[in-house]
Amino acid sequence: MPIRQLPDDVIDQIAAGEVVERPASVVKELVENALDAGARRIAIATAGGGKTLIRISDDGCGIPPDELLLAVRRHCTSKLGGDISLVETLGFRGEALPSIGSVARLTLRSRAEGAAEAAEVFVGNGRCEGPRPAPLSRGTVVEVRDLFHSVPARLKFLKGERAEASAITEVVRRIALAFPPVRFELSGSDRSETVFEPGDLPARLAAVLGSEFMANALEVDAEREGVVLRGYAGIPTYARGNALHQYVFVNGRPVRDKMLLSALRGAYADVMARDRHPVAALFLTIDPVEVDVNVHPAKADVRFRDPGLVRGLVIGAIRQALGESGLRGSTRGAA
Ligand code: ADP
Ligand code: MG
């Protein structure tokens, strides 16, 4: 076959394979969009574990009617001025909405701040329709129906409704940890509802991770060369049998970074058995030019310009918190 450019719909489907793995990845992308839009309240409703329906409503800045079609077009974003090292939003690739639209039926309805009325566009079944007027008092509503209906091979790889629903819950819990002032509502087809009320970090951690975690956690607060680490880390006796209870964020972005997780382990090396795992919620704030978040489309991996500095900060900060608590403990013991 001669070399030729792939048709756009095929390119979208290939891109979708990287961004949209399962319903939970759709929820992650759409919630991140709501947060980037400055939402203070985000409601997530799903049916069929997100396979039949995902609806995300927010009260953010909205999209003007004449930009709705651009929003669902590949590589179109309002978040990147040109220099990728300066991005401070969660998104910047302009891939989520077109990718989702290429493997599901997507309706994007929005009312921009100050706009006289709302409008919507539809993408799916190989078509793109709109914009047309629609009723909405503020913000944005994104509705995703029948995920992977056009890609049976991918549909087959999804787990059952309950497993997909719990993956969605996990995504929302994780993001909610990083945005305490934002209200999150999550409801499923079984009429379950989880609400995280707006509050400060300790209140949000207690709501998401449980008050038991907060009762057994030490505050972490340290800074090295402009890099700040804050959060809470469990006392050594409050350890778990797996590493699933470690929540690490870089500039508000949930990550599963090997180096950060191994630094966390390293901090506890002297005080915890090797088969036990610390519980922690740690928030790293770093100048965006010091970290590359564009390593993977889902942005769960990051690369630091100076990993040694970050590693040292994590280990030092947690050891300091552990040490201080040890001192306090022994003083009390002596009294
Ligand atoms: P990205 O987030 O990387 O820019 P997306 O495909 O996720 O790409 O979204 C495309 C654009 O649509 C965004 O840049 C933004 O301008 C707009 N957008 C998407 N979701 C929302 C939302 N909930 N509120 C306001 N604008 C949105
Ligand atoms: Mg996005």
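Helix 7 is followed by G210, whose phi is positive, near 100°. Helices (H or I, at least four residues) and strands (E, at least two) are DSSP runs, numbered from the N terminus. This is a predicted model: local features need pLDDT of at least 70, side-chain atom pairs count only at pLDDT 80 or more, and totals for chains, interfaces and linings use all residues. Residues are numbered from 1 along each chain as its sequence is written, and chains are lettered from A and ligands numbered from 1 in the order in which they are written.

## The buried side

Helix 7 spans residues 201-209, and its buried residues are R204, L205, A207, V208 and L209. Buried means that 20 or more other C-beta atoms, placed from the backbone, lie within 10 Å of a residue's own. These residues cover an arc of only 165° around the axis, so they sit on the same side of helix 7. The arc is taken from the directions from the helix axis to the C-beta atoms.

They pack against helix 6 (161-178), strand 8 (193-196), helix 8 (211-215), strand 10 and strand 13. Contact requires C-beta atoms, placed from the backbone, within 7 Å.

Five strands form an open sheet in the order 9-10-13-11-12, with mixed pairing. Strand 9 (217-224) and strand 12 (253-255) stand at the edges; each has a single partner strand, so one side of each lacks a neighbour in the sheet. Pairing takes at least two DSSP bridges between two strands.

Strand 9 pairs with strand 10 (residues 227-234) in the antiparallel sense, over 8 bridges. V220 has G231 in strand 10 as its bridge partner.

Conventions: Buried ≥ 20, exposed ≤ 12 C-beta atoms within 10 Å, placed from the backbone. Contact = placed C-beta atoms within 7 Å.
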